[in-house]
Amino acid sequence: MRAQPCVLAAAAAAMALACALYYAGSGPAQPAPPPASPPAPPAPASEGKAKAGEELLLRGAGAAGEGAAGEAELHVLAVLAKAERNEALLAKAAAALRSLVRFGKLGPREALALHLLCDGPSRAPARQLLHQALRPAAFKYKVVFHDLEVLAQKLQPTVEAMQKLFSAGAGSYYGDSLFFLSVAMHHIMPREVSRVIQVDLDVEYRANIRELFQEFDNFPEGAVIGIAQEMQPVYRHIFWQYRQEHPGTKVGDPPPDGLPGFNSGVLLLDLEAMRQSEQYNRLLEPAMVQQLANKFHFKGHLGDQDFFTLVGMEHPELFYVLDCTWNRQLCTWWRDHGYSDIFERYFRCDGHVRIYHGNCNTPIPAE
(Lines give C-alpha, C1' and ligand atoms only; values in the text may rest on other atoms or scores of the structure.)
Protein backbone atom coordinates (compact mmCIF):
# COMPACT_ATOMS: atom_id res chain seq x y z
CA MET A 1 0.00 0.00 0.00
CA ARG A 2 1.01 3.57 -0.48
CA ALA A 3 1.17 6.08 2.36
CA GLN A 4 0.00 8.67 0.11
CA PRO A 5 -5.21 9.58 -14.59
CA CYS A 6 -9.28 9.48 -24.29
CA VAL A 7 -6.38 11.50 -25.57
CA LEU A 8 -5.36 14.46 -23.46
CA ALA A 9 -4.04 17.94 -24.23
CA ALA A 10 -0.68 18.12 -25.91
CA ALA A 11 2.28 18.32 -23.56
CA ALA A 12 3.27 21.76 -24.72
CA ALA A 13 -0.19 23.17 -24.01
CA ALA A 14 -0.29 21.55 -20.58
CA MET A 15 3.08 22.94 -19.65
CA ALA A 16 2.14 26.39 -20.87
CA LEU A 17 -0.57 26.31 -18.24
CA ALA A 18 1.78 25.01 -15.57
CA CYS A 19 3.19 27.58 -13.22
CA ALA A 20 6.83 26.61 -12.90
CA LEU A 21 9.46 28.06 -10.64
CA TYR A 22 13.11 27.17 -11.08
CA TYR A 23 15.96 26.78 -8.66
CA ALA A 24 19.37 25.89 -10.04
CA GLY A 25 22.55 25.10 -8.21
CA SER A 26 25.67 23.04 -8.16
CA GLY A 27 26.22 22.84 -4.44
CA PRO A 28 27.95 25.64 -2.54
CA ALA A 29 31.61 25.75 -3.49
CA GLN A 30 32.27 28.23 -0.71
CA PRO A 31 29.38 27.73 1.74
CA ALA A 32 28.59 30.40 4.27
CA PRO A 33 27.37 29.37 7.73
CA PRO A 34 23.59 29.01 7.62
CA PRO A 35 21.63 31.73 9.42
CA ALA A 36 19.72 30.82 12.54
CA SER A 37 16.46 31.29 10.66
CA PRO A 38 17.02 30.68 6.94
CA PRO A 39 15.40 33.31 4.75
CA ALA A 40 12.91 32.40 2.07
CA PRO A 41 14.31 32.18 -1.45
CA PRO A 42 14.64 35.53 -3.19
CA ALA A 43 11.96 36.98 -5.42
CA PRO A 44 12.09 35.93 -9.06
CA ALA A 45 14.78 37.56 -11.11
CA SER A 46 14.03 38.58 -14.65
CA GLU A 47 15.50 36.01 -17.02
CA GLY A 48 15.24 36.33 -20.77
CA LYS A 49 15.65 32.57 -21.27
CA ALA A 50 12.61 31.62 -19.22
CA LYS A 51 10.00 29.71 -21.18
CA ALA A 52 6.33 30.63 -21.23
CA GLY A 53 4.80 29.98 -17.83
CA GLU A 54 8.18 29.57 -16.15
CA GLU A 55 10.43 31.76 -14.01
CA LEU A 56 14.07 31.25 -13.14
CA LEU A 57 14.29 32.15 -9.48
CA LEU A 58 17.82 31.39 -8.39
CA ARG A 59 20.98 30.33 -10.13
CA GLY A 60 23.72 29.14 -7.84
CA ALA A 61 27.42 29.72 -8.29
CA GLY A 62 28.83 27.42 -10.95
CA ALA A 63 25.45 26.19 -12.09
CA ALA A 64 25.00 25.65 -15.77
CA GLY A 65 22.42 27.76 -17.50
CA GLU A 66 19.17 26.27 -18.72
CA GLY A 67 19.74 24.04 -21.69
CA ALA A 68 23.51 24.02 -21.33
CA ALA A 69 25.07 22.26 -24.29
CA GLY A 70 25.94 18.62 -23.62
CA GLU A 71 24.46 18.55 -20.10
CA ALA A 72 22.21 15.63 -19.21
CA GLU A 73 19.29 16.23 -16.86
CA LEU A 74 18.00 13.46 -14.61
CA HIS A 75 14.32 14.17 -14.01
CA VAL A 76 12.72 13.30 -10.65
CA LEU A 77 9.10 14.08 -9.82
CA ALA A 78 7.16 14.24 -6.56
CA VAL A 79 3.75 15.48 -5.44
CA LEU A 80 3.45 17.79 -2.44
CA ALA A 81 -0.15 18.76 -1.72
CA LYS A 82 -2.18 19.86 1.30
CA ALA A 83 1.09 20.60 3.07
CA GLU A 84 0.13 23.95 4.52
CA ARG A 85 0.14 23.57 8.32
CA ASN A 86 0.87 19.84 7.92
CA GLU A 87 4.13 19.61 9.82
CA ALA A 88 4.25 15.80 9.68
CA LEU A 89 4.05 15.78 5.88
CA LEU A 90 6.66 18.52 5.56
CA ALA A 91 8.97 16.65 7.94
CA LYS A 92 8.73 13.49 5.79
CA ALA A 93 9.41 15.49 2.62
CA ALA A 94 12.42 17.15 4.24
CA ALA A 95 13.83 13.79 5.32
CA ALA A 96 13.36 12.40 1.80
CA LEU A 97 15.15 15.33 0.18
CA ARG A 98 17.97 15.39 2.72
CA SER A 99 18.68 11.72 2.10
CA LEU A 100 18.54 12.23 -1.67
CA VAL A 101 21.14 14.98 -1.34
CA ARG A 102 23.28 13.00 1.07
CA PHE A 103 23.59 9.95 -1.19
CA GLY A 104 23.31 11.69 -4.54
CA LYS A 105 26.41 11.82 -6.76
CA LEU A 106 26.12 12.99 -10.35
CA GLY A 107 28.65 13.43 -13.12
CA PRO A 108 30.20 16.81 -13.95
CA ARG A 109 27.93 17.17 -16.99
CA GLU A 110 24.78 16.01 -15.22
CA ALA A 111 22.12 17.90 -13.28
CA LEU A 112 19.10 16.85 -11.24
CA ALA A 113 15.80 18.33 -12.39
CA LEU A 114 13.32 18.01 -9.53
CA HIS A 115 9.70 18.51 -10.61
CA LEU A 116 7.33 19.29 -7.75
CA LEU A 117 3.61 19.06 -8.41
CA CYS A 118 2.21 21.42 -5.84
CA ASP A 119 -1.07 23.11 -4.96
CA GLY A 120 -1.14 26.85 -4.28
CA PRO A 121 -1.26 26.84 -0.46
CA SER A 122 1.62 24.34 -0.28
CA ARG A 123 3.99 26.37 -2.42
CA ALA A 124 5.33 28.72 0.27
CA PRO A 125 6.26 25.97 2.76
CA ALA A 126 7.62 23.89 -0.12
CA ARG A 127 9.95 26.70 -1.20
CA GLN A 128 11.26 27.07 2.34
CA LEU A 129 11.76 23.31 2.64
CA LEU A 130 13.65 23.11 -0.64
CA HIS A 131 15.82 26.09 0.23
CA GLN A 132 17.08 24.27 3.31
CA ALA A 133 17.12 20.63 2.14
CA LEU A 134 18.91 21.20 -1.18
CA ARG A 135 21.44 23.72 0.09
CA PRO A 136 24.18 21.13 0.81
CA ALA A 137 23.82 19.44 -2.60
CA ALA A 138 27.17 18.59 -4.19
CA PHE A 139 25.59 18.33 -7.64
CA LYS A 140 23.86 20.70 -10.03
CA TYR A 141 20.11 20.88 -9.69
CA LYS A 142 17.00 22.83 -10.54
CA VAL A 143 13.50 22.65 -9.13
CA VAL A 144 10.38 23.14 -11.22
CA PHE A 145 7.04 23.83 -9.57
CA HIS A 146 3.97 22.68 -11.52
CA ASP A 147 0.44 23.82 -10.69
CA LEU A 148 -1.20 20.64 -9.45
CA GLU A 149 -4.73 21.99 -9.74
CA VAL A 150 -4.28 22.93 -13.40
CA LEU A 151 -2.80 19.54 -14.27
CA ALA A 152 -5.51 17.64 -12.40
CA GLN A 153 -8.17 19.57 -14.29
CA LYS A 154 -6.58 18.76 -17.65
CA LEU A 155 -6.52 15.05 -16.77
CA GLN A 156 -10.01 14.94 -15.31
CA PRO A 157 -11.58 12.78 -18.07
CA THR A 158 -9.14 9.95 -17.33
CA VAL A 159 -9.08 10.53 -13.58
CA GLU A 160 -12.86 10.56 -13.22
CA ALA A 161 -13.25 7.08 -14.67
CA MET A 162 -10.47 5.67 -12.50
CA GLN A 163 -11.72 7.28 -9.31
CA LYS A 164 -14.86 5.18 -9.53
CA LEU A 165 -12.87 1.95 -9.70
CA PHE A 166 -9.70 2.64 -7.71
CA SER A 167 -10.78 4.61 -4.64
CA ALA A 168 -12.98 3.97 -1.64
CA GLY A 169 -15.40 6.69 -2.72
CA ALA A 170 -15.79 10.44 -2.85
CA GLY A 171 -13.75 12.17 -0.19
CA SER A 172 -11.51 9.18 0.47
CA TYR A 173 -7.75 9.67 0.75
CA TYR A 174 -6.88 7.86 -2.48
CA GLY A 175 -9.93 9.29 -4.25
CA ASP A 176 -8.08 12.56 -4.75
CA SER A 177 -7.09 13.13 -8.37
CA LEU A 178 -3.44 13.67 -7.41
CA PHE A 179 -3.12 9.90 -6.83
CA PHE A 180 -3.85 9.19 -10.50
CA LEU A 181 -1.57 11.67 -12.28
CA SER A 182 1.23 9.16 -12.87
CA VAL A 183 -0.83 7.04 -15.27
CA ALA A 184 -0.88 9.91 -17.80
CA MET A 185 2.38 11.63 -16.93
CA HIS A 186 3.42 11.33 -20.58
CA HIS A 187 0.70 13.89 -21.36
CA ILE A 188 1.88 16.29 -18.65
CA MET A 189 5.62 16.52 -19.05
CA PRO A 190 7.13 18.37 -22.03
CA ARG A 191 8.13 16.19 -24.97
CA GLU A 192 11.82 16.90 -24.47
CA VAL A 193 11.60 14.99 -21.16
CA SER A 194 11.83 11.35 -22.18
CA ARG A 195 12.25 9.69 -18.78
CA VAL A 196 11.26 10.64 -15.25
CA ILE A 197 11.35 8.91 -11.87
CA GLN A 198 8.31 9.62 -9.70
CA VAL A 199 8.83 9.00 -6.00
CA ASP A 200 6.57 9.39 -2.97
CA LEU A 201 7.81 11.76 -0.29
CA ASP A 202 7.48 9.22 2.55
CA VAL A 203 10.74 7.60 1.47
CA GLU A 204 14.41 7.84 2.41
CA TYR A 205 17.31 7.05 0.13
CA ARG A 206 20.21 4.79 1.05
CA ALA A 207 21.81 4.83 -2.42
CA ASN A 208 22.70 7.21 -5.21
CA ILE A 209 19.59 8.03 -7.23
CA ARG A 210 21.74 7.98 -10.36
CA GLU A 211 21.88 4.19 -9.95
CA LEU A 212 18.10 4.06 -10.12
CA PHE A 213 18.17 5.87 -13.48
CA GLN A 214 20.40 3.09 -14.78
CA GLU A 215 17.49 0.67 -14.30
CA PHE A 216 15.86 2.21 -17.39
CA ASP A 217 18.54 0.43 -19.41
CA ASN A 218 17.16 -2.91 -18.19
CA PHE A 219 13.66 -2.38 -19.60
CA PRO A 220 12.73 -5.20 -21.99
CA GLU A 221 11.23 -4.33 -25.36
CA GLY A 222 7.67 -3.10 -24.93
CA ALA A 223 7.98 -2.08 -21.28
CA VAL A 224 6.94 1.49 -20.49
CA ILE A 225 7.01 1.59 -16.67
CA GLY A 226 9.37 0.27 -14.01
CA ILE A 227 7.70 -0.56 -10.70
CA ALA A 228 8.27 -2.79 -7.67
CA GLN A 229 5.88 -5.44 -6.46
CA GLU A 230 3.50 -4.85 -3.59
CA MET A 231 4.92 -6.32 -0.37
CA GLN A 232 1.66 -7.09 1.41
CA PRO A 233 -1.19 -9.46 0.44
CA VAL A 234 -3.57 -6.57 -0.29
CA TYR A 235 -4.23 -7.75 -3.86
CA ARG A 236 -4.66 -11.34 -2.76
CA HIS A 237 -7.52 -9.88 -0.76
CA ILE A 238 -8.93 -7.68 -3.54
CA PHE A 239 -8.79 -10.44 -6.18
CA TRP A 240 -10.54 -12.92 -3.89
CA GLN A 241 -13.48 -13.56 -6.26
CA TYR A 242 -11.29 -14.02 -9.32
CA ARG A 243 -9.05 -16.38 -7.37
CA GLN A 244 -12.05 -18.35 -6.21
CA GLU A 245 -13.30 -18.73 -9.79
CA HIS A 246 -9.84 -19.60 -11.15
CA PRO A 247 -8.19 -22.20 -8.89
CA GLY A 248 -4.45 -22.35 -9.41
CA THR A 249 -4.16 -18.79 -10.73
CA LYS A 250 -1.03 -16.82 -9.88
CA VAL A 251 -3.05 -13.62 -9.57
CA GLY A 252 -2.55 -12.33 -6.03
CA ASP A 253 0.01 -15.00 -5.13
CA PRO A 254 3.32 -14.04 -3.47
CA PRO A 255 6.68 -13.83 -5.22
CA PRO A 256 8.79 -15.21 -6.70
CA ASP A 257 6.33 -17.09 -8.91
CA GLY A 258 3.09 -15.26 -8.10
CA LEU A 259 1.61 -11.93 -9.18
CA PRO A 260 1.25 -9.92 -5.96
CA GLY A 261 0.46 -6.63 -7.73
CA PHE A 262 2.44 -3.41 -7.75
CA ASN A 263 3.32 -0.58 -5.37
CA SER A 264 3.62 2.87 -6.93
CA GLY A 265 5.81 4.50 -4.29
CA VAL A 266 8.71 4.45 -6.78
CA LEU A 267 7.97 4.67 -10.50
CA LEU A 268 10.29 4.70 -13.50
CA LEU A 269 8.23 6.31 -16.26
CA ASP A 270 9.64 5.96 -19.77
CA LEU A 271 7.58 8.86 -21.09
CA GLU A 272 8.61 8.44 -24.69
CA ALA A 273 7.71 4.75 -24.62
CA MET A 274 4.38 5.64 -22.95
CA ARG A 275 3.67 8.15 -25.73
CA GLN A 276 4.51 5.63 -28.45
CA SER A 277 2.69 2.63 -26.96
CA GLU A 278 -0.70 2.19 -28.63
CA GLN A 279 -1.47 -0.62 -26.21
CA TYR A 280 -0.84 1.46 -23.10
CA ASN A 281 -2.83 4.44 -24.34
CA ARG A 282 -5.80 2.26 -25.28
CA LEU A 283 -5.80 0.96 -21.72
CA LEU A 284 -6.31 4.50 -20.43
CA GLU A 285 -9.70 4.67 -22.13
CA PRO A 286 -12.56 4.37 -19.59
CA ALA A 287 -14.21 1.51 -21.49
CA MET A 288 -11.00 -0.53 -21.47
CA VAL A 289 -10.43 0.09 -17.76
CA GLN A 290 -13.99 -1.01 -17.01
CA GLN A 291 -13.58 -4.13 -19.15
CA LEU A 292 -10.50 -5.20 -17.21
CA ALA A 293 -12.15 -4.43 -13.88
CA ASN A 294 -15.15 -6.55 -14.84
CA LYS A 295 -12.96 -9.49 -15.92
CA PHE A 296 -11.07 -9.55 -12.62
CA HIS A 297 -13.99 -8.47 -10.40
CA PHE A 298 -11.73 -5.64 -9.31
CA LYS A 299 -12.68 -2.78 -6.99
CA GLY A 300 -9.61 -1.13 -5.54
CA HIS A 301 -8.89 1.74 -3.20
CA LEU A 302 -5.22 2.68 -3.75
CA GLY A 303 -5.26 5.02 -6.75
CA ASP A 304 -2.73 4.65 -9.55
CA GLN A 305 -1.17 1.46 -8.24
CA ASP A 306 -4.55 -0.26 -8.59
CA PHE A 307 -4.54 0.67 -12.28
CA PHE A 308 -0.97 -0.55 -12.75
CA THR A 309 -1.76 -3.77 -10.88
CA LEU A 310 -4.90 -4.48 -12.89
CA VAL A 311 -3.20 -3.76 -16.22
CA GLY A 312 -0.18 -5.82 -15.16
CA MET A 313 -2.32 -8.91 -14.68
CA GLU A 314 -3.43 -8.76 -18.33
CA HIS A 315 -0.40 -7.09 -19.94
CA PRO A 316 2.74 -7.84 -17.89
CA GLU A 317 4.89 -6.97 -20.92
CA LEU A 318 4.22 -3.26 -20.26
CA PHE A 319 6.13 -3.37 -16.97
CA TYR A 320 9.69 -3.86 -15.81
CA VAL A 321 9.69 -5.21 -12.25
CA LEU A 322 12.07 -3.27 -10.01
CA ASP A 323 13.97 -5.11 -7.30
CA CYS A 324 12.31 -4.78 -3.90
CA THR A 325 15.36 -2.98 -2.53
CA TRP A 326 14.41 0.07 -4.64
CA ASN A 327 11.04 0.28 -2.85
CA ARG A 328 11.40 -1.50 0.46
CA GLN A 329 7.89 -1.00 1.86
CA LEU A 330 7.58 -1.09 5.62
CA CYS A 331 3.83 -1.18 6.25
CA THR A 332 2.63 -4.35 8.00
CA TRP A 333 -1.11 -3.60 8.25
CA TRP A 334 -2.22 -6.80 6.53
CA ARG A 335 -0.18 -8.98 8.87
CA ASP A 336 -2.60 -8.06 11.62
CA HIS A 337 -5.75 -8.24 9.50
CA GLY A 338 -6.20 -11.84 8.47
CA TYR A 339 -2.99 -12.77 6.68
CA SER A 340 -0.42 -13.46 9.38
CA ASP A 341 0.14 -17.02 8.11
CA ILE A 342 1.42 -15.95 4.68
CA PHE A 343 2.46 -12.36 5.28
CA GLU A 344 6.20 -12.96 5.31
CA ARG A 345 6.08 -14.53 1.86
CA TYR A 346 5.07 -11.12 0.52
CA PHE A 347 7.09 -8.97 2.91
CA ARG A 348 10.49 -10.61 2.54
CA CYS A 349 13.13 -8.54 0.74
CA ASP A 350 16.74 -9.68 0.60
CA GLY A 351 19.67 -7.41 -0.21
CA HIS A 352 20.91 -3.95 0.67
CA VAL A 353 17.95 -1.57 0.87
CA ARG A 354 18.41 1.39 -1.48
CA ILE A 355 15.09 3.18 -0.84
CA TYR A 356 12.99 2.73 2.28
CA HIS A 357 9.28 3.44 1.85
CA GLY A 358 7.52 4.31 5.11
CA ASN A 359 4.03 3.70 3.82
CA CYS A 360 1.02 3.85 6.18
CA ASN A 361 3.09 6.17 8.41
CA THR A 362 5.61 3.47 9.31
CA PRO A 363 8.86 4.81 10.83
CA ILE A 364 11.93 4.45 8.63
CA PRO A 365 15.04 2.87 10.22
CA ALA A 366 17.85 5.23 11.04
CA GLU A 367 21.01 4.99 8.97
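Student: Quick one on Cys360: buried, exposed or partly exposed?

Tutor: Cysteine 360 counts as partly exposed, because its relative accessibility is 33%. Bear in mind that this is a predicted model.

Student: Where does cysteine 360 sit?

Tutor: You'll find cysteine 360 in the segment after strand S12, which covers 355-357.

Student: What about phi at asparagine 361?

Tutor: Asparagine 361 has a positive phi too, about 60°, and it isn't a glycine either. It also belongs to the segment after S12.

Student: Is Asn361 buried or exposed?

Tutor: Exposed: the relative accessible area of asparagine 361 is 59%, and the cut-off for exposed is over 50%.

Student: OK, backbone again. Which peptide bond is cis?

Tutor: The one from proline 255 to proline 256 is cis, with omega near 10°. Most peptide bonds are trans. Proline 256 is in the loop between helix H8 (240-245) and strand S9 (262-270).

Student: Threonine 249 is in which loop?

Tutor: Threonine 249 is found in the loop between H8 and S9.

Student: Buried or exposed, that threonine 249?

Tutor: Threonine 249 counts as buried, because its relative accessibility of 17% falls under the 20% cut-off.

Student: What is threonine 249 in contact with, leaving aside neighbours within four places in sequence?

Tutor: Tyr242 and Arg243 are the contacts of threonine 249 on that count. As for leucine 259, it is ten residues from threonine 249 in sequence, with 9.1 Å between their C-alpha atoms.

Student: Change of topic: what does the whole chain look like in numbers?

Tutor: The protein chain has 13 helices and twelve strands. Of its 367 residues, 56% count as buried. The accessible surface comes to about 15800 Å², with 53% of that belonging to carbon and sulfur atoms.

Student: How many residues are in the largest nonpolar core?

Tutor: There are 59 residues in that core, and those with the most contacts inside it are Met185, Ile225, Tyr280, Phe307 and Phe308. Helix H12 (residues 304-314) gives the largest share of this core, five residues. Apart from it lies another core, of 47 residues, including Val101, Phe139, Val266 and Leu268.

Student: What does isoleucine 225 touch, leaving aside neighbours within four places in sequence?

Tutor: Among the contacts of isoleucine 225 are Phe219, Met274, Tyr280 and Phe308. The leucines Leu267, Leu268, Leu269 and Leu318 are in contact with isoleucine 225 as well.

Student: How much space lies in the second largest cavity?

Tutor: About 120 Å³. Its lining is made up of 16 residues, and Ala78, Ala96, Leu97, Leu114 and Leu201 lie nearest the centre.

Student: Which elements supply at least two residues of it?

Tutor: Strand S3 (72-80), helix H2 (87-103), strand S4 (110-118) and helix H3 (123-133) each do. H2 supplies the largest share of the lining, four residues.

Student: Last one: where is glutamine 290?

Tutor: Glutamine 290 is in helix H11, residues 286-295. It is partly exposed, with a relative accessible area of 36%. Leucine 165 is 125 residues away from glutamine 290 along the chain, yet their C-alpha atoms are separated by 8.0 Å.

Conventions: Residues are numbered from 1 along each chain as its sequence is written. This is a predicted model: local features need pLDDT of at least 70, side-chain atom pairs count only at pLDDT 80 or more; totals for chains, interfaces and linings use all residues. Side-chain values use heavy atoms; hydrogens and water are left out. Buried means under 20% relative accessible area, exposed over 50%, partly exposed in between (1.4 Å probe, protein chains only). Accessible areas come from the Shrake-Rupley method with a 1.4 Å probe; for residues, only the protein chains shown count as cover. A nonpolar core is a set of buried Ala, Val, Leu, Ile, Met, Phe, Trp, Tyr and Cys residues joined through side-chain atoms within 4.5 Å. Contact means heavy atoms within 4.5 Å. On a 1 Å grid over the protein atoms alone, a cavity is a set of points where a 1.4 Å probe fits but cannot get out, and a pocket is an open set with protein on both sides within 12 Å along at least five of seven lines; lining residues have an atom within 4 Å of a point. Grid points are joined across faces, edges and corners, and a volume is the space filled by probe spheres set on the points.
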